Structures are given as C-alpha cells and as structure tokens.
Amino acid sequence: MGSLCIFRITPTRIIMRTLRLHDTGPDVYFLQALLREAGMDVPENGKFDAETKDAVKAFQRKKSFSPDAIVGKDTWRGLLESGYTFFPKSSKFFLTDAEYISELHFKKQIILHHSAGGPRPDYTIGWWEKDTQRVATAFVIGRNAGDEENKFDGAVFRAFPEYLWAYHLGLSKTNSNINADLRASLNKTSIGIEICSYGPLTKQDDGTFTTVVNNKNVPEDQVTDLGTPWRGYQYFQKYSDAQLEATKTIILSMAYFFHIPIDDVQYDREWFGINTNALNASPGIWTHVNYRKDKTDCFPQPELIAMLNTLHEDFKTFVPEMTPFEVFTDRNLEDFTDEEIDHYSYDLEE
C-alpha cells in the first residue's frame with residue numbers, strides 16, 4: 001500500500017500496548033500496516049519478527065527517536081502522524097476537538113447505527129457540534145437529500161479520526177447490565193458508522209408514511225415493510241443501495257486495517273437482538289441493537305442482511321482502494337442554524 005493523505009491531529013493520548021520483538025496479535029498487524037504506509041518494507045503476518053524490528057528501527061531513526069525497536073507512545077504517535085491513510089472515497093468534516101476524545105485505543109469492533117434523522121451527513125455532524133456532549137460516530141453516510149446532483153446519497157463524511165473515539169453507544173447499568181469499565185471500553189475500542197435514516201415510520205390512515213421522531217413525510221419508494229412488527233415497528237425508511245455499498249466498503253476497509261475478524265456469521269432477522277458476545281467486547285461487526293433493546297438501529301432490512309452476508313467471502317480477497325479524502329467546504333460547522341439541524345440526529349442525542 002502506498003501513502004496518500006496524512007492526518008495532522010491534536011496531541012493524542014496513546015493507550016496502546018507497548019510492542020517488542022516476538023510480540024504477536026492484531027495490534028502487531030496494525031503496527032505493520034502503519035509501517036508500510038510510512039514507506040517501510042515489512043510483512044503482513046502479525047508477528048513482531050526481525051524484519052519488523054528492522055523497520056521500526058529505521059522509522060525511529062527517520063523521526064530522530066532512539067532506535068531501540070520498542071514501540072511505545074512516541075513511536076505510535078509518530079506512525080499515526082506519518083503513516084495513517086484512509087481508503088474509501090470520503091469527505092473530511094471534523095468536529096472540533098472538544099466533541100471527541102483524542103485517545104488512541106486499539107479497535108476490536110465495528111458498530112452500525114442509523115441517525116433517526118434527515119439525509120445530510122453534514123447536518124448530522126453539525127448537530128453533534130452544537131450539543132454539549134462528546135457523542136458522535138467516526139463515519140456518517142448520507143442519503144438522497146433531494147438535491148439535483150444527489151451528491152449526499154452514499155456520501156461518506158468523517159467526523160473525527162476513527163482511531164480516536166467518542167461516546168456512541170449510550171450504555172448504562174440500566175439498559176445494558178454491564179459494569180462501568182466495560183461500558184466505557186466498548187465505546188473506546190469500537191468504530192461507529194452512522195447511516196442517515198429516519199428509522200421507524202408510522203403508516204397513516206390515508207396510506208402515507210411519517211417519521212416517528214418528527215412526523216415528517218417519507219415517500220413510499222423509501223419505505224421498507226418488514227411484514228410483521230420488529231421492536232414495535234413494521235415500517236422503516238430503508239437504507240439506500242448507495243448507503244449499503246458505502247457501509248460495506250467502510251466495514252471491509254476498517255476490518256482490513258485494524259485486523260478485525262469478519263466471521264462466517266449467518267445474518268438474519270433473529271441476529272438483530274441483544275448479543276452477549278457484543279456486550280462482552282468480542283471482536284466483529286455489530287449494530288446498536290445488539291447492545292440495547294430500546295434501539296432500532298439498525299433494523300433487519302432484507303437488503304442490509306444480504307449485504308452483511310457477503311462480507312465474510314468478500315473480505316478474503318479485499319484490497320482497499322487508495323483514495324485521498326476531500327475536505328467538505330460547502331459549509332462550515334459553525335455556520336449551521338438551529339433551524340437547519342434541530343433534532344437532525346435523534347438516535348445519538350441520548
């Protein structure tokens with residue numbers, strides 16, 4: 001893999017295992033990926049072997065660090081600043097530093113959400129910027145906003161660097177029955193992906209559909225009928241084909257870079273329920289509903305289930321597409337009015 005766009009970030013608190021010769025594990029894969037992105041010739045085997053040691057020492061000399069081949073906080077930080085790039089096409093629209101936590105934790109889980117709000121990813125991020133909490137996901141995927149170019153359908157916006165973290169699960173002792181340390185860890189060691197969708201809908205007497213959150217009309221061609229109610233609702237604003245394709249690309253790319261396993265899971269409607277493996281921080285792909293019974297993100301849309309069932313096989317031959325991110329310049333975060341973004345992303349407001 002070759003280097004492209006490099007993140008320059010505010011000082012990051014490094015909370016990562018110190019790595020040395022003979023260490024193994026997924027974080028060694030992450031180290032090797034960073035070294036390759038920084039221009040070093042290293043294998044992709046998850047083993048801190050002699051070749052990896054030589055590459056670490058070469059990188060440390062390049063950065064004027066002590067060449068001791070020990071990967072501590074300074075070497076981790078140097079690698080992130082010099083060797084972290086992003087793969088799928090996306091737009092950088094970062095929240096201000098106070099809206100997320102600049103701590104590096106190794107990632108083990110990828111967690112899907114939907115916004116229970118409107119179609120524009122920039123508005124969703126603008127809503128998070130206006131609130132008073134560090135609540136957000138790293139990625140937001142837009143849908144058709146009715147604009148002539150349809151530029152938001154499947155558009156990926158990045159709210160902060162995904163190797164850092166923010167609160168996105170809203171876990172408490174009451175709604176999860178797990179201890180405080182584990183609740184915090186689940187936020188820190190996961191990558192959140194937010195899909196713009198109003199979520200559950202109500203069918204009116206005249207046959208039209210309105211959102212549960214703000215009573216907005218949703219066109220019939222954007223409605224999924226699950227046949228029978230699921231978590232109290234039968235109708236949902238469906239995730240578009242472009243959104244599902246973008247979601248798949250992000251999942252595969254993040255799993256590739258952070259060495260998150262994509263197991264041969266049979267996804268079906270029953271899978272969209274509370275899952276003890278998810279709550280116990282087992283590595284893999286999950287959704288918000290696996291952690292909380294009061295949530296509907298993501299719901300068992302047939303097209304979403306079909307996409308999830310392609311991940312295991314497709315990951316075997318997946319190679320990320322190297323595309324530099326763009327900087328979204330249509331609007332600045334501080335320019336959004338309260339009327340534009342009021343309750344724009346209801347799901348994570350809590």
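1. **Ground rules.** This is a predicted model, in which local features need pLDDT of at least 70 and side-chain atom pairs count only at pLDDT 80 or more, while totals for chains, interfaces and linings use all residues. Residues are numbered from 1 along each chain as its sequence is written, and side-chain values use heavy atoms, with hydrogens and water left out.

2. **The main core.** Let's begin inside. The largest nonpolar core has 97 residues, and Phe 30 and Phe 258 touch the most other members. Helix α7 (residues 241–258) supplies the largest share of this core, 10 residues. A nonpolar core here is a set of buried Ala, Val, Leu, Ile, Met, Phe, Trp, Tyr and Cys residues joined through side-chain atoms within 4.5 Å. Buried means under 20% relative accessible area, exposed means over 50%, and partly exposed lies in between (1.4 Å probe, protein chains only). Helices (H or I, at least four residues) and strands (E, at least two) are DSSP runs, numbered from the N terminus.

3. **Around Phe 258.** Not counting residues up to four places away in sequence, Phe 258 touches Pro 26, Phe 30, Tyr 84, Phe 106, Lys 107, Glu 162, Tyr 163 and Ile 191. Contact means heavy atoms within 4.5 Å.

4. **The seven-stranded sheet.** Seven strands form an open sheet with mixed pairing, and their order is β13-β4-β7-β5-β6-β2-β14. The edges are β13 (284–287) and β14 (326–327); each has a single partner strand, so one side of each is left without a neighbour in the sheet. Two strands pair if DSSP finds at least two bridges between them. Strands β2 (residues 91–92) and β6 (residues 156–158) run parallel and are joined by two bridges, with Lys 92 standing opposite Arg 158 in β6.

5. How many residues of strand β4 (residues 109–114) are buried? Six of its six residues are. Gln 109, Ile 111 and His 113 point one way from β4, while Ile 110, Leu 112 and His 114 point the other way, and all are buried. On the β7 (residues 190–195) side, β4 pairs in the parallel sense over six bridges, and Gln 109 has Ser 190 as its bridge partner. With β13, β4 pairs in the parallel sense over four bridges; there the partner of Leu 112 is Thr 287.

6. **The five-stranded sheet.** A further open sheet has five strands in the order β10-β9-β8-β12-β11, with antiparallel pairing. Here β10 (217–218) and β11 (223–230) are the edges, each with a single partner strand, so one side of each has no neighbour in the sheet. Strands β8 (residues 200–203) and β12 (residues 233–237) pair in the antiparallel sense over two bridges, and Pro 200 stands opposite Phe 236 in β12.

7. The axes of α1 (26–37) and α2 (residues 50–62) come within 11 Å and cross at roughly 50°. Axes are lines fitted to C-alpha atoms, for helices over the stretch in contact, and angles run from 0 to 180 degrees between N-to-C directions. That angle makes α1 oblique to α2: under 35 degrees counts as roughly parallel, over 145 as roughly antiparallel, 65 to 115 as roughly perpendicular and the rest as oblique. Leu 31, Gln 32 and Leu 35 of α1 make the contact with Thr 52, Ala 55, Val 56 and Phe 59 of α2.

8. **Backbone spots to check.** Most residues other than glycine have a negative phi, and most peptide bonds are trans. His 22 has a positive phi of about 85°, lies in the loop between β1 (13–14) and α1, and counts as exposed at 67% relative accessibility. Ala 116 has a positive phi near 55° and sits in the loop between β4 and α4 (121–130), but is buried, with a relative accessible area of 9%. The peptide bond from Asp 297 to Cys 298 is cis, with omega near 5°; Cys 298 lies in the loop between β13 and α9 (302–308).

9. **Ser 345.** Leaving aside neighbours within four places in sequence, Ser 345 is in contact with Ser 115, Thr 124, Trp 127, Trp 128 and Glu 194.
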